[in-house]
Amino acid sequence: NRRVTVRDLALAKERGERWPMLTAYDAMTASVLDEAGIPVLLVGDSAGNCHLGYETTVPVTLDQMTLLTAAVVRGTGRALVVADLPFGSYQEGEVQALRSATRLVKEAGAGAVKLEGGERSAGQIGLLVRSGIPVMAHIGLTPQSVHAMGYRVQGRGEEAADQLMRDAKAAQDAGAFAVVLEMVPASVAAQVTRALQVPTVGIGAGADCDAQVLVWTDMAGLTPGKLPRFVQRYADLRGALTDAARAYAEDVVSGAFPASEHSYE
Ligand code: KIV
Ligand code: NA
């Protein structure tokens with residue numbers, strides 16, 4: 001296996017090495033990120049917002065995740081590809097979770113799956129791990145519960161911080177190989193990171209997590225509008241693509257494109 005494995009990520013934590021994760025939803029973008037050396041690519045259900053045009057992640061289906069995951073796997077050769085279990089594909093229980101995760105691994109070729117919840121998803125995590133499917137847990141802000149919790153910082157205050165720690169430990173004890181912490185105070189994320197043997201992956205969770213994840217369209221400046229505080233933009237793809245589309249349109253209208261070098265005798 002020339003791909004990154006969950007074992008490599010466990011070793012990185014032992015060595016104190018941080019690592020980056022990005023989302024990907026299609027083969028071509030994934031190939032760029034893979035060649036850039038991003039070791040872990042997440043086919044996030046943020047595809048709902050960033051790729052499929054929905055308002056939230058809630059409508060995303062297992063069929064859609066299977067299609068997108070297969071594309072990302074085909075576009076990559078080195079990254080560990082982690083696929084999100086979408087809303088409604090694992091909440092019914094352990095057997096449903098196993099059936100759904102099996103599709104992502106067997107049909108789409110994912111190397112691991114991710115699901116939301118710590119204590120509340122411990123049963124599902126346990127069965128998947130015992131069945132040979134590596135699981136990444138996702139706690140703190142869990143967007144599939146947006147209708148119940150909204151989009152705001154989680155784990156603020158002693159009681160909420162204690163619950164976050166219980167969720168992290170429940171996920172680890174059930175066998176999760178890593179735990180995503182989304183939008184939690186940096187000090188709480190640091191405590192959780194110290195308490196866990198497995199790596200934490202932060203998004204809006206401060207600098208002390210073992211790894212970081214961002215949505216690729218946010219990171220690359222393709223997502224329109226105001227972004228959350230935790231995003232850093234590393235490029236202006238939206239600006240670059242807008243300029244390219246306008247220049248092409250102008251050239252077609254003016255007759256400057258195609259020129260003779262683009263034409264056949
Ligand atoms: O779907 C997603 O992009 C995610 C990350 C933000 C962790 O779950
Ligand atoms: Na997600």
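Two strands count as paired when DSSP finds at least two bridges between them. Helices (H or I, at least four residues) and strands (E, at least two) are DSSP runs, numbered from the N terminus. The model here is a predicted one, in which local features need pLDDT of at least 70, side-chain atom pairs count only at pLDDT 80 or more, and totals for chains, interfaces and linings use all residues. Residues are numbered from 1 along each chain as its sequence is written, with chains lettered from A and ligands numbered from 1 in the order in which they are written.

Strand S4 covers residues 112–116 and has a parallel neighbour in strand S3 (residues 80–84), with three bridges joining the two. In this pairing, Ala83 has Val113 of S4 as its bridge partner. S4 also runs parallel to strand S5 (residues 135–140), this time over four bridges, and here Lys114 sits opposite Met136.

What about cover? Five of the five residues in S4 are buried (20 or more other C-beta atoms within 10 Å of a residue's own, with C-beta atoms placed from the backbone). Ala112, Lys114 and Glu116 point one way, while Val113 and Leu115 point the other.

Now for Glu182, which sits in strand S6 (residues 178–182). An unreviewed UniProt entry puts the feature "active site" at Glu182; such annotations may be inferred rather than shown by experiment. Glu182 counts as buried because it has 23 C-beta neighbours inside 10 Å. Leaving out residues up to four places away in sequence, Glu182 touches His138, Gly140, Leu141, Ile203, Gly204 and Ala205 (contact means C-beta atoms, placed from the backbone, within 7 Å).

Definitions and conventions. A residue is buried if 20 or more other C-beta atoms lie within 10 Å of its own, exposed if 12 or fewer, and partly exposed in between; C-beta atoms are placed from the backbone. Two residues are in contact if their C-beta atoms, placed from the backbone, lie within 7 Å.
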